[in-house]
2 protein chains.
Amino acid sequence: MDAIDLRLIDLLRENARSSYAELARQVGLSAPAVHERVGKLEAAGTIRAYRAEVEHEAIGLGVTALIGIVEDSGADTDDVLSALRVMPEIESCYFMAGVESYQLTVRVGTIAELEQLIVRINRTRGVASTRTAIALSTKWENRPQPGLDPALG
Amino acid sequence: MDAIDLRLIDLLRENARSSYAELARQVGLSAPAVHERVGKLEAAGTIRAYRAEVEHEAIGLGVTALIGIVEDSGADTDDVLSALRVMPEIESCYFMAGVESYQLTVRVGTIAELEQLIVRINRTRGVASTRTAIALSTKWENRPQPGLDPALG
DNA sequence: AGGCGCAGGTCGATGGCGTCCATGGCATCA
DNA sequence: TGATGCCATGGACGCCATCGACCTGCGCCT
């Protein structure tokens, strides 16, 4: 992981469909060299996936909400987690410091679906309570921040 | 926007680097047809960008936190927003219903940097108070949910 | 100090792919 | 029913991904 790897990652975070030839031009290496570097970054798990970012309204998922979950005392965290994992509406799931053990980002099509989802989560064994906040609008999302190699300061 | 467009979007959300030939195979069309459809989805803004998803620890951004912001009464929301927008650490920014007008997702390298960021946000004109919760671990993030055409039910 | 081995780079070739164009079918509408 | 416009098809061409061969610089071991 050197400065060129970081540069490649930044470029792919800006546009994941850049060709290897284009990347090679930008970092000043040959295309095969870039190909090998990117392959190693993928194999090492540094690059996890390449995803298209979508206007959620256009695909019928226009309602975004954040849900905090308070666990029952003595609840089995693994049970709660695996119950959450099978709910496709949950886009992201963080395990948090604080009273609310989990913080979720969820996407649904309508407020009615959000209501059903909240009910389902509240009914889950191990969940004591939830707190939901609805996003009225998204100012920006997943804006990539240039990476900083810790070794490079 | 028909079922094939939705399928293409789902495929590109799974792997944004799929070739047009591969996409064409999966949806049963020719490559030029897929090329044109994807181009229109991009032009319409339905597909916003293609991004590599990264292991944040590997690029020196291993600390994730969620920050809620309470605005001053009478604060100019646009001023607050433009002040937030220039902070690269803020990955996502939602305008929320509730006491906390904004909910941020932020990434920094260390707890010390998080502290500095919080101070900077609190000092921002129009910000009354903030509430920060640190993510101890990320269970999953940006998991794509298959799109549902509202017209198709 | 010298030689060996390896990691990682460039170069060149080839096959597949992206992309443009002309053609033809189909549905819509007058 | 005839015209029209959109869209998929298929072919062609040039670029790109990808593989193999060779080269260079560096570390290590003797």
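In this predicted model, A:Gly68 is found in strand β2 of chain A, which spans residues 63–71. A:Gly68 is buried, its relative accessible area being 0%, and its C-alpha atom is separated by 42 Å from that of A:Glu36, a residue 32 places away along the chain.

**Relation between the protein chains**

- Chain B is superposed on chain A by a rotation of 180 degrees with 0.0 Å of shift along the axis, and the RMSD of this superposition is 0.0 Å.
- The two copies are thus related as by a two-fold rotation axis.
- The same surface serves both copies, since 100% of the contact residues of chain B recur in chain A.

**Surface near DNA strand D**

- DNA strand D is surrounded by residues of both protein chains: chain A gives A:Ser19, A:Tyr20, A:Ala21, A:Arg25, A:Pro32 and A:His35, while chain B gives B:Leu29, B:Ser30, B:Pro32, B:Arg37 and B:Lys40.
- Of the atoms of DNA strand D that come within 4 Å of the protein, sugar and phosphate account for 71%.
- In the side chain of A:His35, an N or O atom is 2.4 Å from a phosphate oxygen of DNA strand D.
- From chain B, the side chain of B:Arg37 has an N or O atom 3.0 Å from a phosphate oxygen of DNA strand D, and for the side chain of B:Lys40 the corresponding distance is 2.8 Å.
- Sorted by class, the surface near DNA strand D has 5 nonpolar, 3 polar and 3 charged residues.

- Around DNA strand C, chain A contributes A:Leu29, A:Ser30, A:Pro32, A:Ala33, A:Arg37 and A:Lys40, and chain B contributes B:Ser19, B:Tyr20, B:Ala21, B:Arg25, B:Pro32 and B:His35.
- Sugar and phosphate make up 85% of the atoms of DNA strand C that come within 4 Å of the protein.
- On the chain B side, a polar side-chain atom of B:His35 lies 2.9 Å from a phosphate oxygen of DNA strand C.
- Two or more residues of the surface near DNA strand C come from each of α3 of chain A, α2 (20–27) of chain B and α3 of chain B, and the largest share, 4 residues, comes from α3(A).
- By class, this surface has 6 nonpolar, 3 polar and 3 charged residues.

**Residues of strand β2**

- Apart from residues up to four places away in sequence, A:Gly68 touches A:Glu100, A:Tyr102, A:Gln103, A:Ser129, A:Thr130 and A:Arg131.
- In chain B, B:Thr64 lies in strand β2, residues 63–71, and counts as buried at 6% relative accessibility.
- The side chain of B:Thr64 makes a polar contact of 2.7 Å with the side chain of B:Arg107.
- Once its neighbours within four places in sequence are left aside, B:Thr64 is in contact with A:Tyr94 of the other chain, and also with B:Thr105, B:Val106, B:Arg107, B:Ile134 and B:Ala135.

**Cysteines**

- A:Cys93 is buried with a relative accessible area of 0%, and B:Cys93 likewise counts as buried at 0% relative accessibility.
- A disulfide is a covalent bond between the sulfur atoms of two cysteines.
- Over all chains, with sulfur atoms required to lie within 2.5 Å, the count comes to 0 disulfides.

- A:Asn142, in the segment after β5 (127–140) of chain A, has a positive phi of about 55 degrees although it is not a glycine.
- B:Asn142 is placed in the segment after β5 (127–140) of chain B, and its phi, also positive in a residue other than glycine, is near 55 degrees.

Conventions. Residues numbered from 1 in each chain as written. Chains lettered and ligands numbered in written order. Predicted model: local features only at pLDDT ≥ 70, side-chain atom pairs only at ≥ 80, totals over all residues. Heavy atoms only, no water. Least-squares fit on C-alpha atoms with pLDDT ≥ 70 in both. Contact = heavy atoms within 4.5 Å. Near = heavy atom within 4 Å. Polar contact = N/O pair within 3.5 Å; in protein donor to acceptor, adjacent residues only side chain to side chain. Nonpolar A, V, L, I, M, F, W, Y, C, P; charged D, E, K, R; others polar. Buried < 20%, exposed > 50% of the residue type's maximum accessible area, 1.4 Å probe, protein only.
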